[in-house]
Amino acid sequence: MSGDNLTVHTADGRPFLDRADGQRWDVIHIDAYRQPYIPFYLTTREFFELAKSRLAPGGVLSINVGSTPEDPRINEAVAATMRDVFPYVGRYRAERYNEVIIARGSRPPSGFALMQPEIAPLVEEFRAGLVQVEPDADRVLTDDRAPVEWMTDRMIFGEAS
């Protein structure tokens, strides 16, 4: 899919970014899992360092993470890992079983220049619900330690019981 200012790439995120040396994007959004499992290699410090290296100055990285409101461990671990790489990370609960985590090299500006005024209320709602993530070194996931399947299994079992 593409448009005047948009090109969407559909590929396995980590190998795609690894091969994209020299290319930079304003937005990288990860929505790459089969509910509710997210591939562990898209949640690690090493992956987020790679993604950061592919962002244009002022760019934004976002990831869609499925979880239950009662068991936010996977969201907290992904957010802590992103915060280990980026100076600003925020979490937004988009739906009951869905959270969007965003990262930037700097805090988002207080005002948004919108090309389409009809989406202004959505942007304001997102901004109002965004919770800043503080560093938490104990939750950082790495290529050598990323128990996201275990966390997801625990979440599923907790929801089912």
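1. Strands β3 and β5 run antiparallel and are joined by two bridges, and within this pairing Arg-91 has Val-131 of β5 as its bridge partner. Please bear in mind throughout that the model is a predicted one.

2. On the β4 side, β3 (residues 88-95) again has an antiparallel neighbour, with seven bridges linking it to β4 (residues 98-104). Arg-91 is bridged here to Ile-101 of β4, while Glu-95 is bridged to Asn-98, and a hairpin of two residues connects β3 to β4.

3. Taken as a whole, the sheet is open and contains five strands with mixed pairing, arranged in the order β1-β2-β4-β3-β5. Its edges are formed by β1 (25-30) and β5 (131-132), each of which pairs on one side only.

4. Two helices deserve a look alongside the sheet. Helix α3 (residues 73-85) packs on the sheet through contacts with β2 (55-66), β3 and β4, and its direction lies at about 165° to that of β2. Helix α4 (residues 120-129) also packs on the sheet, where it touches β3, β4 and β5, with its direction at about 115° to that of β3.

5. Which residues form a nonpolar patch on the surface? They are Tyr-37, Ile-156 and Phe-157, which together have about 290 Å² of accessible area. Tyr-37 lies in the loop between β1 and α2 (45-53), and this residue counts as partly exposed because its relative accessibility is 32%, a value between the cut-offs of 20% for buried and 50% for exposed.

Notes: Residues are numbered from 1 along each chain as its sequence is written. This is a predicted model: local features need pLDDT of at least 70, side-chain atom pairs count only at pLDDT 80 or more; totals for chains, interfaces and linings use all residues. Side-chain values use heavy atoms; hydrogens and water are left out. Two strands pair if DSSP finds at least two bridges between them. Helices (H or I, at least four residues) and strands (E, at least two) are DSSP runs, numbered from the N terminus. Contact means heavy atoms within 4.5 Å. Axes are lines fitted to C-alpha atoms, for helices over the stretch in contact, and angles run from 0 to 180 degrees between N-to-C directions. Patches are made of residues with over 30% relative accessible area and no salt bridge: like charges are joined within 9 Å, nonpolar side chains (Val, Leu, Ile, Met, Phe, Trp, Tyr) within 5 Å. Accessible areas come from the Shrake-Rupley method with a 1.4 Å probe; for residues, only the protein chains shown count as cover. A salt bridge is a side-chain nitrogen of Lys or Arg within 4 Å of a carboxyl oxygen of Asp or Glu. Buried means under 20% relative accessible area, exposed over 50%, partly exposed in between (1.4 Å probe, protein chains only).
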